[in-house]
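Work through the exercises below with the sequence and the coordinates at hand. Each task is followed by a stepwise solution.

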Amino acid sequence: MAIFAVVGAGLSGITLARELQRAGHRCQIFEKSRGRGGRLATRRREGWQADHGAQYFTVRDAAFETEVQHWLEQGWVSHWQPKLGVIERGEAVESPDDQARYVGSPTMNAMVHGMSEGIDLYTKTRIDRLERVENQWRLWDDSGEQYGLFDAILLTAPLAQSLALLPSGSRLEVPLRRTTMLPTWAVAMAFEQPTGIEFDGVFTKEGVISWAARDSSKPGREPEPEVWVMHFTAQWTANHLDAREDLMQQQCLTMLRKLAPKDLPPMVDSFKHRWLYARTGPAHAEIQQWDAENNLGLAGDWTIGDRLEDAWLSAMRLSKAVQQAWS
Ligand code: NAI
């Protein structure tokens, strides 16, 4: 049996720890935030809630499909069947497809909570240094506390944060320097009455907003008040990292007015959230996940792509490499 430190309690970190514990090893997870789930995020407000991070997920891989079946059986996720539209050349039109889409229920991180049972998790613990001690590792947090010793360190934070922790000289480092992550502003709004908008989800192929969803149409959510979540494009976000909330609200309301059959009802509450590391940039290099010389690993959606399935697959791959190293 070995003992591993996992940095980050998103879907990758929790999946990795669960797999390694199933294989008979011990794991401790360190997470800088108060909660777990990373970009699987739902914020509760007074009388309403909204998923401001990942909006839904799809399934393409057969092994992931089996996992999602288990999540469905546990009641951690549900099918979401939105009526979809697309805005093209200024027109909103219906855009149906037969893609199955899932959401965590009643919050996006429900499956991460479900999978964390029996896992040793330190929240509000920001790891800022790794120290090699003979052939093991010690971790230090930003208040000078130390943890360890561990047989391996598995980094699952977003790329920039994992890169900052990676000791120079690790062979994992170079491809990371060629990969980027792009930001996304999210704005959530609750309305006093129903908006009457025909669609539950709208892709936009132009303008500064790339996606709008009636969050309150997802299973496990209260249908009232009606809640909308908008994501701004990576390019607009990158150019407006300090955008004012009222300016973004105006842009969201202008878009929703285009979709609504009548005047919009009053907006009763709103919040914004800036994801600095929302998705993987286009020039994304092949990323190696395991450095056997230093016993260091990397996992996260960004090692493969930017979908939730990628986060899970990445954790499963790293778990196999680590298990092989200790077999
Ligand atoms: P998916 O298959 O539903 O969507 C992939 C992309 O195809 C969409 O972004 C959209 O542009 C287009 N599309 C899909 N269905 C469409 C329809 N009925 N009409 C018009 N266009 C349609 O989901 P997938 O591939 O699993 O990705 C999940 C979603 O999360 C994607 O939309 C992805 O781009 C988005 N994403 C957003 C991030 C952000 O920061 N805003 C970060 C990572 C992923």
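Domain bounds here come from an automatic or database domain assignment. The model is predicted: local features need pLDDT of at least 70 and side-chain atom pairs count only at pLDDT 80 or more, while totals for chains, interfaces and linings use all residues. Residues are numbered from 1 along each chain as its sequence is written.

**Exercise 1.** State the domains of the protein and describe the contact of domain 1 with domain 2.

Step 1. The assignment gives domain 1 as 1–36 + 116–178 + 284–327 and domain 2 as 40–108 + 181–280.
Step 2. Their C-alpha centres lie 30 Å apart.
Step 3. Domain 1 puts 14 residues into the contact and domain 2 puts in 12 residues; two residues are in contact if their C-beta atoms, placed from the backbone, lie within 7 Å.
Step 4. On the side of domain 1 that touches domain 2, α4 (159–165) and α8 (308–325) each supply at least two residues. Helices (H or I, at least four residues) and strands (E, at least two) are DSSP runs, numbered from the N terminus.
Step 5. The largest share of that side, 4 residues, comes from α8.
Step 6. By class, this side of domain 1 has 8 nonpolar, 3 polar and 3 charged residues. Ala, Val, Leu, Ile, Met, Phe, Trp, Tyr, Cys and Pro count as nonpolar, Asp, Glu, Lys and Arg as charged, and the others, Gly among them, as polar.

**Exercise 2.** Determine the strand order of the open sheet of 6 strands and find its edges.

Step 1. The order is β9-β2-β1-β13-β20-β19, and the pairing is mixed. Two strands pair if DSSP finds at least two bridges between them.
Step 2. β9 (120–122) and β19 (290–291) each have a single partner strand, so one side of each lacks a neighbour in the sheet.
Step 3. β1 (residues 3–7) and β13 (residues 152–155) are parallel and share 4 bridges. Phe4 has Ala152 of β13 as its bridge partner.
Step 4. Helix α1 (residues 11–22) packs on this sheet and touches β1, β2 (26–30) and β13; its direction makes about 165 degrees with that of β2. Axes are lines fitted to C-alpha atoms, for helices over the stretch in contact, and angles run from 0 to 180 degrees between N-to-C directions.

**Exercise 3.** Which residues are closest to the ligand, and which strands supply its shell?

Step 1. The ligand is surrounded by 15 residues, the closest being Thr58, Ser95, Thr184, Ala278 and Arg279. A residue is near a molecule if its C-beta atom, placed from the backbone, lies within 6 Å of it.
Step 2. β6 (84–88) and β18 (267–280) each supply at least two residues of the shell.
Step 3. The shell has 5 nonpolar, 6 polar and 4 charged residues.
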